[in-house]
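Let's walk through a structure together, one feature at a time. Have a look at it first, and then the questions can start.

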Amino acid sequence: MNVENLNKAFDNRIRLGIMSILVVNREMNFNSLKEMLQVTDGNLASHLKGLEDTGYLSVNKGFIGRKTNTIYEITKNGEKAFREHLDALEFLIKNTR
Amino acid sequence: MKQELETLQEIRNLMENSSRFIGLSGWSGIAAGCIALIGASLAYPIVSGRLETGGYYSNPEIKTLLLIGLGTFIAALILAFIFTYAKTSKTNIPVFGKTSKRLTWTIIVPTLVGGIFLLKLISYGLYGLVAPGCLIFYGIALFATGKQTVNETRYLAYCEIILGCISLWKIEYGLYFWAIGFGLFHILYGARMWYKYDRN
């Protein structure tokens with residue numbers, strides 16, 4: 001295992017943050033993610049879209065009253081990819097010591 | 001290398017914080033403890049005469065004690081909410097977020113069951129078991145929160161459960177145990193939380 005195993009899809013602080021939150025909470029809505037990651041709407045939305053396109057997230061659009069409530073859920077693939085990314089990071093750190 | 005470590009640290013923090021409700025203010029604990037002590041002192045004149053015997057209570061006395069209990073519970077809840085709300089509006093933790101909702105539900109279930117159980121004990125005249133019951137059910141409710149909130153809560157849970165069990169052997173001193181468990185322990189817990197999380 002080496003640097004190659006680091007997943008390019010997670011090559012960004014916000015994407016990594018999204019995956020970290022979803023891997024423990026399974027699903028979360030847009031606003032909660034925004035508050036936890038302290039990012040702007042547009043920034044978060046574009047990264048979520050990216051992860052969705054890679055197939056790591058599934059999106060569920062719903063309503064609370066009249067407000068849209070978009071819920072993001074991690075997919076099996078997403079969880080697997082994230083765990084592998086963490087393993088690669090761990091490996092990297094252990095072996096450069 | 002250093003960058004990878006920072007990344008891992010950040011992942012760890014997000015995983016921890018996103019699944020726990022850490023917004024509970026230390027002042028909430030202190031306030032709840034003070035309210036409990038006030039409640040216990042209000043109940044003392046009614047209970048004190050019967051401390052040795054466990055004794056018999058008339059219906060109006062039971063009503064007064066229930067009102068004191070209910071009032072204490074509601075006042076503590078309201079104050080805890082106010083302090084927590086004040087804290088969460090300063091930090092960025094949503095007070096009605098997913099974590100706090102899940103936490104509330106975890107606490108409500110054992111508390112509600114405990115409430116029904118204790119009301120039934122009272123209606124059967126088993127007054128001596130009320131204080132131990134409060135402590136034990138509350139301890140179990142806190143214990144159930146597990147990893148949903150800060151670790152200190154687990155220690156409070158152990159303390160309440162142990163105190164509740166000990167008080168089963170000394171039911172004539174129920175009110176004292178109640179005051180220690182809900183008053184003193186909450187104040188100590190709140191002070192610890194304040195010192196560790198809120199101070200800055």
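A: Start with a cluster: A:Phe10, A:Tyr56 and A:Phe82 are linked by ring pairs. Rings of Phe, Tyr and Trp (its six-membered ring) pair if their centres lie within 6.5 Å; planes under 30 degrees apart are stacked, over 60 edge-to-face, and the rest tilted. Keep in mind that this is a predicted model, where local features need pLDDT of at least 70 and side-chain atom pairs count only at pLDDT 80 or more, while totals for chains, interfaces and linings use all residues. Residues are numbered from 1 along each chain as its sequence is written, chains are lettered from A and ligands numbered from 1 in the order in which they are written, and side-chain values use heavy atoms, leaving out hydrogens and water.

Q: How many aromatic pairs does the structure hold over all chains, and what describes such a pair?

A: A pair of aromatic rings is described by the distance of the centres and the angle of the planes. Over all chains there are 13 aromatic pairs. In one of them, B:Phe143 and B:Tyr158 sit 5.8 Å apart centre to centre with 50° between the planes, so the pair is tilted. B:Phe143 belongs to helix H5 (residues 130-144) of chain B and B:Tyr158 to helix H6 (residues 152-167) of chain B, so the pair ties together parts that are 15 residues apart in sequence. (Helices, H or I with at least four residues, and strands, E with at least two, are DSSP runs numbered from the N terminus.)

Q: What area is buried between chain B and chain A?

A: The size of an interface is often given as the accessible area lost when the parts come together. Here about 1,700 Å² is buried, with carbon and sulfur atoms giving 71%; the area (1.4 Å probe) is summed over both parts. On the chain B side, B:Leu14, B:Met15 and B:Lys98 lose the most area to chain A, together 30% of what that side buries.

Terms used:
Buried area is the accessible area (1.4 Å probe) that two parts lose on being put together, summed over both.
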